[in-house]
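Reader: I would like a close look at a single part of this model.

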Amino acid sequence: MVDGDLLKVIKERRSIRDYKDEEISKESIKTLLESARWAPSGSNIQAWRIYVVKGDKLESIKKFSPGLLSDPPIIFVMCADIEEAENKGGKLSKDVLTKMDIAIAAQNICLQASSIGLGTCYIGSFNKKAIREILELPDHHVPELILTVGRPKKIPDPPKRKNLDELTRWVE
Ligand SMILES: Cc1cc2nc3c(=O)[nH]c(=O)nc-3n(C[C@H](O)[C@H](O)[C@H](O)COP(=O)(O)O)c2cc1C
């Protein structure tokens, strides 16, 4: 990889809220899932599960997700396996680290998607209870995050970022 290639992908990733009415190939979906698989996780426990959802179930989930206003062909519902997290990593893993692991896996997906011309958007605003019921999740699978995935219709301008002086402190 050439210097700066990854930063370019990082900067060009956008939250996409306008998708083409186009199926995403199984091969592309598997590439995204593979990028999640290689994310780091606390003690390498990997206590997360991804439900790949489309069709009627996706339409039902939209009704209970105020943050999901777009029309993606597919979503990933990213769940914590709290049983595995607690059994293997205790309370810290269950309450904190697995949620971080999910966020990291999600960002791998978003960057990988962007690098192959797909769009994604994090959805944090959704009704957990309703999603659990729609997907008939076992009690130990807790939905923490939704990612929309699809072919972008248009890519928005980048929203402003704070400058580094505001975001960072150098301690010597
Ligand atoms: C944890 C998290 C939750 C988010 N939830 C939502 C959401 O519910 N709906 C939505 O449209 N965007 C959501 N976003 C997307 C942010 O609004 C977006 O990342 C931010 O405005 C910066 O824009 P960018 O992703 O294009 O750089 C979420 C992002 C994160 C990281």
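Which residues are around the ligand? Please go on from there to the sheet.

Author: This is a predicted model, in which local features need pLDDT of at least 70 and side-chain atom pairs count only at pLDDT 80 or more, while totals for chains, interfaces and linings use all residues. Residues are numbered from 1 along each chain as its sequence is written.

Around the ligand are Arg 14, Ser 15, Arg 17, Gly 67, Cys 121, Tyr 122, Ile 123, Gly 124, Ser 125 and Pro 159; a residue counts as near if its C-beta atom, placed from the backbone, lies within 6 Å of the molecule. This shell has 4 nonpolar, 4 polar and 2 charged residues, where Ala, Val, Leu, Ile, Met, Phe, Trp, Tyr, Cys and Pro count as nonpolar, Asp, Glu, Lys and Arg as charged, and the others, Gly among them, as polar.

The open sheet has 4 strands in the order β1-β2-β4-β3, with antiparallel pairing. Strands are DSSP runs of E with at least two residues, helices runs of H or I with at least four, both numbered from the N terminus; two strands pair if DSSP finds at least two bridges between them. β1 (48-53) and β3 (119-123) are the edge strands, each pairing on one side only. β1 and β2 (residues 74-81) are joined antiparallel over 6 bridges, and Tyr 51 has Val 77 of β2 as its bridge partner.

Helix α4 (residues 82-115) packs on the sheet and touches β1, β2, β3 and β4 (141-150); contact requires C-beta atoms, placed from the backbone, within 7 Å. The direction of α4 makes about 155° with that of β2, with axes fitted to C-alpha atoms, for helices over the stretch in contact, and angles from 0 to 180 degrees between N-to-C directions.

Notes: Contact = placed C-beta atoms within 7 Å.
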